[in-house]
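Good morning, and thank you for coming. Please look at the structure as I show it.

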Amino acid sequence: MKRILFHGSPGLILAVVILLGSCEVQNRFLYFPSADRPPARSLAAENMRLWQETSGDYRGLTADCEADAPHGTIVLFHGNGGTALDRGFYLPPLMRRGFRVILAEYPRYGGRPGRLGEEALVADGRETVGWAYAQYGRPVYLLGESLGAGVAAAVAGKSPVPIAGVILMTPWDTLADVARTQVPFLPAGLFLTDTYDSIGNLRLFKGKIAVIGAERDGIIPVGHARRLYASLPEVRKRLWVIRGAGHNDWPLYAGASLWEEVTNFVKE
């Protein structure tokens with residue numbers, strides 16, 4: 001299972017971003033795209049296919065044999081490293097619970113054209129959600145992990161289509177707050193060009209929100225998930241903390257009961 005999220009020392013990375021104050025430098029240290037388009041043999045090995053493939057582009061990946069999805073469609077936004085192809089481990093637990101799963105791919109990741117940055121990723125995410133709704137109808141849910149939780153929150157906050165619920169895995173409250181945690185001696189928020197303000201983006205969201213933190217997360221400490229949860233409206237929210245889990249190994253600790261509880265909570 002390949003899971004690449006934040007690389008290197010987060011404190012060092014953010015210090016470089018802060019000191020140079022450059023969008024190009026920020027992107028270099030915040031985003032770790034793999035430029036390789038998923039080859040056919042790798043997709044076959046993972047029982048996946050390209051979704052919404054067009055000439056020179058596609059929107060994401062999904063299971064090659066579509067099963068019944070009585071509970072709707074989940075559009076999943078992955079973390080800041082690797083590609084959607086690395087997130088095949090989401091498919092079995094979610095499909096077993098009656099969901100169709102689309103592993104959305106970002107611009108510049110997985111051989112897709114485009115550019116990096118919050119504006120580009122969120123705009124592309126909204127387009128992907130629109131395609132999913134047009135093809136499959138409602139309900140549509142969002143699931144985001146790490147950086148993808150920030151993307152999912154922004155998409156949900158101003159979605160072009162109805163979003164029934166959001167699942168946020170190892171999320172932050174705002175990117176600036178993560179920066180302040182890692183380098184408290186510098187005013188990090190003043191120098192970041194991306195904000196990923198999940199607190200602000202979800203302030204008016206009316207659907208259900210599941211927040212899932214990892215108890216031993218050393219990259220995005222679980223306090224950020226707790227602060228995000230505390231900021232949400234009292235109705236339609238629930239918090240889980242995966243005991244013993246870190247930022248990258250939480251899937252080893254996330255059993256069937258967790259997925260059952262989370263999906264039962266968010267589904268209409």
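Let me begin with a term: two residues are in contact when they have heavy atoms within 4.5 Å of each other. The model is predicted, so local features need pLDDT of at least 70 and side-chain atom pairs count only at pLDDT 80 or more, while totals for chains, interfaces and linings use all residues. Residues are numbered from 1 along each chain as its sequence is written, and side-chain values use heavy atoms, with hydrogens and water left out.

Consider Leu142. Leaving aside neighbours within four places in sequence, Leu142 is in contact with Val75, Phe77, Val129, Ala152, Val155, Ala156, Ile163, Gly165, Val166 and Ile167.

Leu142 also belongs to the largest nonpolar core. Such a core is a set of buried Ala, Val, Leu, Ile, Met, Phe, Trp, Tyr and Cys residues joined through side-chain atoms within 4.5 Å. Buried means under 20% relative accessible area, exposed means over 50%, and partly exposed lies in between, with a 1.4 Å probe and protein chains only. The largest nonpolar core has 45 residues, of which Val75, Phe77, Val129, Leu142, Tyr196 and Leu202 touch the most other members. Helix α6 gives the most to this core, with eight residues. Apart from it lies another core, of 33 residues, among them Leu91, Ala210, Ala214 and Val266. In soluble globular proteins, nonpolar side chains tend to be buried together.

A word on naming: helices (H or I, at least four residues) and strands (E, at least two) are DSSP runs, numbered from the N terminus. How many residues of α6 are buried? Ten of the eleven are, so α6 is largely enclosed by the rest of the structure. Those buried residues pack against β4 (73-77), α5, β7, β8 (165-169) and α8.

I turn to charges. Side chains of opposite charge can pair when their charged atoms come close. A salt bridge is a side-chain nitrogen of Lys or Arg within 4 Å of a carboxyl oxygen of Asp or Glu, and the structure holds twelve salt bridges. In one of them, Arg87 pairs with Glu145, the closest N and O atoms being 3.0 Å apart. Arg87 lies in the loop between β5 (81-82) and α4 (91-95) and Glu145 in strand β7 (residues 140-145), so the pair ties together parts that are 58 residues apart in sequence. Arg87 is buried, at 0% relative accessible area, and Glu145 is buried, also at 0%.

Another salt bridge joins Glu127 and Arg59 (3.4 Å, N to O). Glu127 is in helix α5 and Arg59 in the loop between β2 (48-51) and β3 (60-63), 68 residues apart. Here Glu127 is partly exposed, at 44%, whereas Arg59 is buried, at 8%. Both residues belong to a network of salt bridges that links Asp57, Arg59, Arg112, Asp124 and Glu127.

Finally, the pocket. On a 1 Å grid over the protein atoms alone, a pocket is an open set of points where a 1.4 Å probe fits, with protein on both sides within 12 Å along at least five of seven lines; lining residues have an atom within 4 Å of a point. Grid points are joined across faces, edges and corners, and a volume is the space filled by probe spheres set on the points. The largest pocket holds about 180 Å³ of space. Its lining includes Glu118, Ala154, Lys158 and Asp197, and α5 gives the most to that lining, with three residues.
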